[in-house]
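Come along and keep the view open as you read.

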Amino acid sequence: MEFRKHTNQRTNVQQIFQQIVDNGPISRREIQEQTGFSWGLISQVTNRLIAEGYVAAEDDLTSSGVGRRAEKLDVVTDNHFYIGVDIDSDGMYAVVTDMKGRLVESSRYSWQEKVCEQVLQMIYGVLDCLMEKYADKNITRIGVSTQGITDVARGVSVYIRKIKNWVDVPLRELLGSRYDVDVVVAHDPDCLMESERAFGLLKNANVSDVLLMHFNHHAHSLGMSVMVDGQLYFGHRGRAAEIGYTIIGETADGKPRMLEDDIVDDSISSAQLCNSIGKAMAVANTLFNPEIIVLNIPECSFADQLIEAVERWIRTASYDTSVKVRTSKLKQEAKARGAAMIMINRAIDDMV
């Protein structure tokens, strides 16, 4: 019961804050009309948001009548900035956002050397500059999106294929102690899901069950994020949705052939690769039964071929074929921006 109570409180705070993000300046009465929450709850939450400096109130100059003017609420956008970082095999994106998730700054950096220690030093250099530049903006949280295997619970980037010696890198510990901030390390498809919810295809879609597949052919990277009943699903040890380990056949000597084997094999044709991914997505569709599948396929010369293969396999090999397949329109900084959104949501959670 205590867990359920906490979850309901968190949901209430998030919904009220989201109304202010989306529709501010907005009055408490308008929030009540949109959410159906009690006046007491809305007053309690908004007063807390104002006290914490996330929301500001000003008189509604459009109101008429006698007595005290109604107040309009809006998000404070010149304080409480957030940093999002996306780390992959080629380089990193770093973004700074305001409390609404709007971009203040966005930059892409390429690794000079793909060796763990050199990569870490470059990450520190970028973050040192941002923390100094925005020292007056109360940056207390950094979200990190990582490619490859990620241990979300421990805040560890387990492995990135093309970075030498990048094994079990404790990013949460390293960055948290260096900058004295709260750090979350997340798998890059989950960060993309957060961006889709905040800025992309899912913003006004009113859906609760979604699969998102991210495929980067150049980086030999394939990942998936799962949203169930409006919440990201991580599994028992945070290893859910590792679609690369889907068994798609057998090798010549009878061993299981994983989708990951095809992803990293440069000798495989684009047609065969699309076919393999399509099979795996049909399996995922049957297992999770989503309302929407979002395909994030940046800079891929055979993206249309891949989309066709996914749709074909779902139509012919899924238990439920009613799912809608959509292609993401997000830009390259979306993973870093999604990491920042995770931290914004975490800030709201911490108020409960």
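**Entry 1: the whole chain**

I noted at the start that this is a predicted model. I looked up the secondary structure and found 10 helices and 18 strands in the protein chain. Next I checked the overall dimensions: the C-alpha trace spans about 85 × 50 × 40 Å along its principal axes. I also wanted to know how the radius of gyration fits a compact globule. For 352 residues such a globule would have a value near 20 Å, and the protein chain has 22 Å, which agrees.

Then I turned to burial and surface. Of the 352 residues, 49% count as buried. The accessible surface of the protein chain comes to about 17,300 Å², and carbon and sulfur atoms hold 46% of that. Among contacts between residues at least 6 apart in sequence, 61% join residues at least 24 apart.

**Entry 2: the largest pocket**

How much space lies in the largest pocket? I read off about 1,900 Å³. The pocket has 49 lining residues, and the closest to its centre are Gln14, Glu194, Arg197, Gly230 and Asn345. Elements that give two or more residues to this lining include α6 (188-199) and α10 (334-349). The largest share, 11 residues, comes from α1. By type, I have 21 nonpolar, 15 polar and 13 charged residues in the lining.

**Entry 3: the second largest pocket**

This pocket has a volume of about 380 Å³. I looked up its 24 lining residues, of which His214, Asn216, Pro298, Glu299 and Gln332 lie nearest the centre. Two or more residues each come from β12 (210-216), β17 (292-296) and α10. The lining divides into eight nonpolar, eight polar and eight charged residues.

**Entry 4: the cavity**

How many cavities of 30 Å³ or more does the whole structure hold? My search found one. Strand β13 (residues 221-228) gives the most to the lining, with three residues. I sorted the lining into seven nonpolar, four polar and two charged residues.

**Entry 5: a stop at Asn12**

Leaving aside neighbours within four places in sequence, Asn12 is in contact with Phe37 and Leu41. From Asn12 to Arg28 I noted 16 residues in sequence and 14 Å in space, C-alpha to C-alpha.

Conventions
Residues are numbered from 1 along each chain as its sequence is written. This is a predicted model: local features need pLDDT of at least 70, side-chain atom pairs count only at pLDDT 80 or more; totals for chains, interfaces and linings use all residues. Side-chain values use heavy atoms; hydrogens and water are left out. On a 1 Å grid over the protein atoms alone, a cavity is a set of points where a 1.4 Å probe fits but cannot get out, and a pocket is an open set with protein on both sides within 12 Å along at least five of seven lines; lining residues have an atom within 4 Å of a point. Grid points are joined across faces, edges and corners, and a volume is the space filled by probe spheres set on the points. Helices (H or I, at least four residues) and strands (E, at least two) are DSSP runs, numbered from the N terminus. Ala, Val, Leu, Ile, Met, Phe, Trp, Tyr, Cys and Pro count as nonpolar, Asp, Glu, Lys and Arg as charged, and the others, Gly among them, as polar. The radius of gyration is taken over C-alpha atoms; the globule rule is 2.2 Å times the number of residues to the power 0.38. Buried means under 20% relative accessible area, exposed over 50%, partly exposed in between (1.4 Å probe, protein chains only). Contact means heavy atoms within 4.5 Å. Accessible areas come from the Shrake-Rupley method with a 1.4 Å probe; for residues, only the protein chains shown count as cover.
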